[in-house]
Amino acid sequence: MTEAIWTKKDLLGISELSTAEIELLLATAESFAEVAERPVKKVPTLRGKTVVNLFFEPSTRTRVSFEIAAQRLSADIVNFSTEGSSQSKGETLFDTAKNIASMFPDFVVVRHRHVGVPAMLARELAAGVVNAGDGSHEHPTQALLDALTIRRHKGRIEGLTVAMVGDIAHSRVARSNIHLLTRLGAHVRVAGPRTMVPAEIGALGVEVVWTLEEAIRDADVVMMLRLQLERQSRFLFPSLGEYAQLFGLNERRLERAKPDAIVLHPGPMNRGVEISSAVADGPRSVILDQVGQGVAVRMAALYLLAGARGGGR
Amino acid sequence: MKLLVRGGRVVDPSQGLDQPADVLIEHGAVVRVEPSIAVPAHGEVLEARGLVVAPGLIDIHVHLREPGQESKETVASGVAAAVAGGFTAVACMANTSPVNDSRLVTETILRSAERAGLARVYPIGAVSKKLEGDEMASFGQLAAAGCVAFSDDGRPVFNTELMRRALEYSRHFDRPIVQHAQDLDLTGDGVMHEGTSSACCGMPGIPGLAEEVMIARDLLLAEETGGRYHVAHLSTARSLRLVREARARSLQVTCEVTPHHLLLADRAVIDAGFHAHWKMNPPLRDQRDVEGLVAGLADGSIDAIASDHAPHTADEKVLEFQTAPFGIVGLETTLALCLDRLVRPGRISLSRLIELLSTGPARVLGLPGGTLRPGALADVTLIDPERELEVVAARFRSKSRNTPFDGWKLRGAAVATIVGGRIVYRAD
Amino acid sequence: MNLHPKATILDADQIGRIVRRMAGEIAEAHRGLENVMLVGIRTRGVPLAEAIADELDRLEGFRPPLGTLDITLYRDDLSLVAPKPVVKESHFPEPIQDRVVVLCDDVLFTGRTVRAALDALLDFGRPRAVRLAVLVDRGWRELPIQADFVGRKVPTSASEVIKVAFAATDDGTQVQILDRPAGA
């Protein structure tokens, strides 16, 4: 079916992928989803390969998801978490990269609060680099798992109306999703406080509206973004209460979406802020599905990158 | 000591001159510029056939890093880079360590410049002590020691009261205040231009407003105080509009732009994979701003092109974009970039470029030079407009190699630089 | 890779007859067939398994369940292959626990595919027995693996390639022998 082949050494962002590459990642992930249903949830594919999980920012779910993905492919995984240590200094980051290189890993999964760190490591390291989130830039595997979740429930992405609500400006999840969903032919509508939606975001091919109601009208998919509470101090919103009032999703508001609309959230949620518990735990919520798809997507990413590197050193 | 520069095309915007002529230099001064001058007895001849003979280029915005950060640059390495790039004089900013807020530091810089004996060095003193923005530096002492202007460059003079007082007090010494115009609150943790590119990639942005708000404020202060005000590295079309309007009201306002803001736009940051060689402050703006600035060159509202030569070590510039320091080097690329990318495609004339690199900068800071009138300093730059050049950062005379232009192939470059009648640089 | 077709060694009719015989042998070896599951190894083991199932249905009035097995993730040459082959799903209609699994593949060559298939299969459960049915056995084994049901043994040289086509996946049904030009 798919003629596409994977040639990239790294997975740094959705914006640099072709449509065929996105489709290949999704198709591969769909095949890997089956592995989770086996009695033996492990295949020998990446036996003898080493994955370094390099997390400069706290994240349990993404890190664990990559760990499980690597283990299901029989790779060895080493966690190198430096959250909270003095890693804010770039010198150390560069030295860290060199140190890691000297251990000859096959893959480095990196998360960092600064944009472009995965790209920089990709230039420095022979290993395949997977971006697990860099600043407000990209979080490609999250967008892929969201797409997979949407496809599972809707059968397609093309032609769907996807509402994305919240802090668009500072969300790597939003950015990767916008790149992916628009590429696959969805109509993406974004909304949020004007302080958190860059006026120029329309350049990415999305429709910008200014109320939650407008955004979710007749939407097939509603994607709520996590509100980062520290933004309050930068004058971006006055209070959680007011944010919830204007941009929080509750059952009543959800009625404006299509009757079969699904609700996504990348987690972790601020219940009662951007999403009410009734919606988060309700019948339209596919939030836990998303988590499940994460492992398959990350297995697919590691598998395809392994091919691009021409196998073992 | 006599030197005859013979057979070149003399382009001197200060006299509206653009014609074949010889230039006779004696005792460090220009004696005559005439169509055909006989070789003087005991004189040296410099053949300039096919070359442009211009008043020495002046870069009014460089960071020489001495004292204090000699691993990035020294006065000696900086002036070596300057003369190789065709510059006969540079004005260096005060953000050294210690800050140039006292005559001691000014004298140190001038001593190093004298020892190096290449380009002239005009120190710019600090506006505030230690650049802290709290207390005014001793303008009188600094001016007496040789400072030609005052600036906290690297940082803005952010306190409105301080800027008001600096504009008032500097009038005693007839020196301009050079402002690094940047509202720090609006800047936040921004590192690239806030616009479509930053929206697309999620990099924290610095809005054009951060510069424009500050310039608008300063222009009101300049109007009120009558002080001389110069905008360093002006980077947006709207900033330029503000300056133009102020000029129309006859304010003593000048501005400079850098080659990188004229040639590169914010999209380049993404295309470069967020390499810190594309990180500078102000950041690369969007294409509309680039167009606006180039238009400003042509219509005369910009006074000078300055490099904002900001050397940083390789160790610092390999850091991730958000952590690495701002700034790029420019002394050895400015002229060639402008010749190839502005003059060659006809966006400005050669004579206008010389004005922007020589006569204009001299006027902004009230420096000698910028002209080949008889009696002027014999600072002359010889330019071969057809010389092919590939930018090779590894071969820079500067101690630092932080440039986004590495590998660019350009046509047009300085082939000889004369300071005070002495040939201080000749291309091989 | 340029391959020159050298000869067609089996046509659709011949293949039909061979499959019928193989089905007969399978039926004879596993009386009743209730416990048998046919599992095709992707890609061309799948239409072979289907053809055998059709014949069993005709001969015995019973069509055993059909599974498909993708062995990509178990290949021992995976680390040498770049870019990676496209992974497809494996699927079994029922658990393979305690079943007699008849693995079906088009060509038996080095035995490495079957080795991978056995590993893959055993991760899905513990069959009572595993048998191997292949349409063509071309020799050149590198592992101690033999088929229980062989359609046709075809002596080949190492440079030759056996290409099996089924109407279900290709243009027509036939087995060709192709030549890899020297130096390719």
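Q: What makes up the contact between chain A and chain B in this predicted model?
A: In this predicted model, chain A gives 20 residues to the contact and chain B gives 17 residues. Helix H3 (90-101), helix H4 (117-124) and helix H6 (172-183) of chain A each bring at least two residues to the side of chain A that touches chain B. A residue belongs to the contact if its C-beta atom, placed from the backbone, lies within 7 Å of one across it.

Q: How many residues of each class are on the side of chain A that touches chain B?
A: That side of chain A has 10 nonpolar, six polar and four charged residues.

Q: Which domains is chain A divided into, and how far apart are their C-alpha centres?
A: Chain A is divided into domain 1 (14-138 + 294-308) and domain 2 (140-291). The C-alpha centres of domain 1 of chain A and domain 2 of chain A are 25 Å apart. Their contact draws 22 residues from domain 1 of chain A and 19 residues from domain 2 of chain A.

Q: Which elements supply the side of domain 1 of chain A that touches domain 2 of chain A?
A: Helix H1 (19-33), strand S4 (128-134) and helix H11 (287-308) of chain A each supply at least two residues of that side. H1(A) has the largest share, six residues. By class, this side of domain 1 of chain A divides into nine nonpolar, eight polar and five charged residues.

Q: Why is A:Gly202 called partly exposed?
A: A:Gly202 has 14 other C-beta atoms within 10 Å. A residue is buried at 20 or more and exposed at 12 or fewer, so A:Gly202, with its 14, is partly exposed. A:Gly202 lies in the loop between strand S6 (187-191) and strand S7 (207-209) of chain A. A:Gly202 and A:Ala29 are 173 residues apart in sequence, and 30 Å separates their C-alpha atoms.

Q: What does the domain assignment give for chain B?
A: The assignment gives domain 1 (2-52 + 379-393 + 404-426) and domain 2 (56-365) of chain B. Between the C-alpha centres of domain 1 of chain B and domain 2 of chain B there are 27 Å. The contact takes 23 residues from domain 1 of chain B and 29 residues from domain 2 of chain B.

Q: Which element gives the largest share of the side of domain 1 of chain B that touches domain 2 of chain B?
A: The largest share, seven residues, is from S17(B). Strand S16 (380-390), strand S17 (409-419) and strand S18 (422-426) of chain B are the elements that give two or more residues to this side. Its classes are 16 nonpolar, four polar and three charged residues.

Q: What describes the packing of helix H13 (residues 334-343) of chain B with helix H14 (residues 350-365) of chain B?
A: Their axes are 11 Å apart, at an angle of about 145°. The crossing of H13(B) past H14(B) is right-handed. H13(B) contributes B:Leu335, B:Cys338, B:Leu342 and B:Val343, while H14(B) contributes B:Leu350, B:Leu353 and B:Leu357.

Q: What classes do the residues of the contact of H13(B) with H14(B) divide into?
A: The contact of H13(B) with H14(B) has seven nonpolar, no polar and no charged residues. Leu, Cys and Val count as nonpolar.

Notes
Residues numbered from 1 in each chain as written. Chains lettered and ligands numbered in written order. Predicted model: local features only at pLDDT ≥ 70, side-chain atom pairs only at ≥ 80, totals over all residues. Contact = placed C-beta atoms within 7 Å. Helix = DSSP H or I, 4+ residues; strand = E, 2+ residues; numbered from the N terminus. Domains from an automatic or database assignment. Axes fitted to C-alpha atoms, helices over the stretch in contact; angles between N-to-C directions. Left-handed = near helix turned anticlockwise from the far one by under 90°.
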